[in-house]
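Let's take a walk through this one together. Keep the sequence and the 3D view side by side as you read.

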Amino acid sequence: MDRDPNDIIHERGSILGALRYLTHGVYVLGTRRGRQSNAMTASWVMQTSEKPPAVAVAVKNDRYSHDILLESGTFALSALREDQVNVATHFSETSGEYSDKLLGVPYGLTPSGSPFLLDCLAYLDCRVLDTARAGDHTVLIGEVIAGDTLGHDIPLIYDPSEYEETILR
Ligand SMILES: Cc1cc2nc3c(=O)[nH]c(=O)nc-3n(C[C@H](O)[C@H](O)[C@H](O)COP(=O)(O)O)c2cc1C
């Protein structure tokens with residue numbers, strides 16, 4: 001028997017509504033290919049291993065950063081403070097395809113050459129161990145090969161209402 005389309009719409013709404021209760025931090029994901037650096041805001045980040053320390057980040061397949069990440073095989077995550085919504089907005093509202101988002105932003109390069117923000121709580125320098133296609137995103141698993149804490153404060157937790165102008169495309 002055919003399903004009522006209203007049930008499907010309802011279920012989809014329920015799934016999206018329920019997914020909003022997963023909590024995420026907010027990070028700036030930096031990567032570098034040759035002399036070209038780029039950075040984007042990323043929330044879909046988690047630790048995946050203790051030995052060796054590893055993290056995963058999900059990057060949508062059509063992001064400008066996506067192919068740079070796959071080609072370079074390295075990335076840095078800068079953990080933002082609770083007062084850095086403006087930084088998250090800056091690195092999400094435009095694409096590195098059209099502008100240099102790092103211009104005028106103080107940043108350093110990790111030992112493996114990825115850009116990290118000098119003004120953040122902590123950064124991780126990662127080397128891609130593995131990747132997995134996951135629907136419209138690619139999950140990159142990175143071994144953490146270096147990292148440092150730059151400040152002690154409350155981390156920024158993702159709250160969709162703070163990015164109403166910057167829809168997650
Ligand atoms: C708070 C926040 C979190 C985001 N998290 C992710 C994420 O985890 N993965 C992703 O692919 N895009 C995410 N985005 C969207 C990208 O930051 C945005 O599309 C960015 O412009 C991509 O940059 P690029 O084109 O230079 O790669 C997020 C945006 C915001 C505002």
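**Helices on a sheet**

Start with α3 (85-93), which lies across β1 and β2 and runs at about 120° to β2. Angles here go from 0 to 180 degrees between N-to-C directions, with axes being lines fitted to C-alpha atoms, for helices over the stretch in contact. Helices (H or I, at least four residues) and strands (E, at least two) are DSSP runs, numbered from the N terminus. Bear in mind that this is a predicted model: local features need pLDDT of at least 70, side-chain atom pairs count only at pLDDT 80 or more, and totals for chains, interfaces and linings use all residues. Residue numbers start from 1 along each chain as its sequence is written.

Which residues of α3 are buried? They are V87, A88, F91 and S92. Seen down the axis of α3, these fall within an arc of 125°, so they line one face of the helix. (The arc is that of the directions from the helix axis to the C-beta atoms. Buried means that 20 or more other C-beta atoms lie within 10 Å of the residue's own, exposed means 12 or fewer, and partly exposed is in between, with C-beta atoms placed from the backbone.) The buried residues of α3 pack against β1 (27-33) and β2.

Now for the sheet itself. Its 7 strands are arranged in the order β2-β1-β5-β8-β9-β4-β3, making an open sheet with antiparallel pairing. Two strands count as paired if DSSP finds at least two bridges between them. β2 and β3 stand at the edges with a single partner strand each, so one side of each has no neighbour in the sheet. From one strand to the next, the twist averages 35°. Look at β1 and β2 and you'll find 7 bridges joining the antiparallel pair; G30, for one, has A39 in β2 as its bridge partner.

α2 packs on this sheet too, touching β1, β2, β4, β5, β8 (122-134) and β9, and its direction makes about 60° with that of β1. Contact means C-beta atoms, placed from the backbone, within 7 Å. In α2, the buried residues are S65, I68, L69 and S72. They cover an arc of only 100° around the axis, which puts them on the same side of α2. Their cover includes β1, β2, β4, β5 (74-79) and β9 (137-149).

Two backbone details are worth a click. Most residues other than glycine have a negative phi, and most peptide bonds are trans. G73, which follows α2, has a positive phi, near 70°. K51 and P52 are joined by a cis peptide bond, with omega about 0°, and P52 is found in the loop between β3 (45-49) and β4.

Next, the ligand. It is surrounded by 23 residues, and the closest are M40, Y64, S65, S95 and G96; being near takes a C-beta atom, placed from the backbone, within 6 Å. S65 is also one of the buried residues of α2. β2 (36-42), β4 (54-60), α2 (64-72) and α3 each supply at least two residues of the shell, and the largest share, 4 residues, comes from β2. By class, the shell has 11 nonpolar, 8 polar and 4 charged residues. (Nonpolar covers Ala, Val, Leu, Ile, Met, Phe, Trp, Tyr, Cys and Pro; charged covers Asp, Glu, Lys and Arg; the others, Gly among them, are polar.)

Finally, zoom out. The chain has 3 helices and 9 strands, and 30% of its 169 residues count as buried.

Note on methods:
Two residues are in contact if their C-beta atoms, placed from the backbone, lie within 7 Å.
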